[in-house]
Amino acid sequence: YFGPYEFLSETVLASLVPMCELQPDLCGGLVALFHSFISHGETRLLERVWQGGFVPWLCKRLADKSKIQLAMMEQGNAADTTPPASKDVPHHVAKGWDRHADMVCMQAMVVRLVTEL
């Protein structure tokens, strides 16, 4: 039997984050993969997520914004004269999620994952 525990080694999981980091939909896919470990009772894989140091990455997903939110923030900043700190904003956050509902669903999975870990 060759299952997900054998396939998703520490090395594979560690390489997934940098590959997915710059695209919100790929971040969502990786969060969904991690979340599926709960649904399928893969406690050893959840331990691997915990021990692999993915919790800070998961928590950063809670700061993601949709394009709607970014547009609203830009309108609010139009009256503000302080220069934007775009160099401090990660690329995937500046890009924004296409659909707000998808982002909220991903963030809900993150909250469940963090509480399970």
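## Stop by stop through the salt bridges

Count the salt bridges in this predicted model and you reach five. The cut-off is a side-chain nitrogen of Lys or Arg within 4 Å of a carboxyl oxygen of Asp or Glu. Side chains of opposite charge can pair when their charged atoms come close.

**Select Glu-10 and Arg-48.** These two form a salt bridge, with 3.5 Å between the closest N and O atoms. Now colour the helices. Glu-10 belongs to helix 2 (residues 10–20), and Arg-48 belongs to helix 4 (residues 43–51). The partners are 38 residues apart, so this pair links distant parts of the chain. Is Arg-48 buried or exposed? Arg-48 counts as buried because its relative accessibility is 8%, and the limit for buried is under 20%.

**Select Arg-61 and Asp-64.** Their side chains meet in a salt bridge, at 3.4 Å from N to O. Arg-61 has 0% relative accessibility, so Arg-61 counts as buried. Asp-64 is buried too, with a relative accessible area of 4%.

Which residues are linked with Glu-21 in a network of salt bridges? The network joins Glu-21 with Arg-61 and Asp-64.

**Select Lys-67 and Asp-98.** Here the side chains meet in a salt bridge at 2.7 Å, N to O. Where do the two partners lie? Lys-67 is in helix 6 (residues 67–77). Asp-98 is in the loop between helix 7 (91–95) and helix 8 (100–116). They are 31 residues apart, and the pair links distant parts of the chain. Keep the surface on for this stop. Lys-67 is partly exposed, with a relative accessible area of 40%. Asp-98 is exposed, at 60%.

## Zoom out

**Show the whole chain as a cartoon.** Read along the sequence, the pattern is α-α-α-α-α-α-α-α.

**Colour by burial.** The protein has 117 residues, and 32% of them count as buried. Arg-48, at 8% relative accessibility, is one you have visited.

The protein exposes about 7,400 Å². Carbon and sulfur atoms supply 61% of that area.

Note on methods:
Residues are numbered from 1 along each chain as its sequence is written. This is a predicted model: local features need pLDDT of at least 70, side-chain atom pairs count only at pLDDT 80 or more; totals for chains, interfaces and linings use all residues. Side-chain values use heavy atoms; hydrogens and water are left out. Helices (H or I, at least four residues) and strands (E, at least two) are DSSP runs, numbered from the N terminus. Buried means under 20% relative accessible area, exposed over 50%, partly exposed in between (1.4 Å probe, protein chains only). Accessible areas come from the Shrake-Rupley method with a 1.4 Å probe; for residues, only the protein chains shown count as cover.
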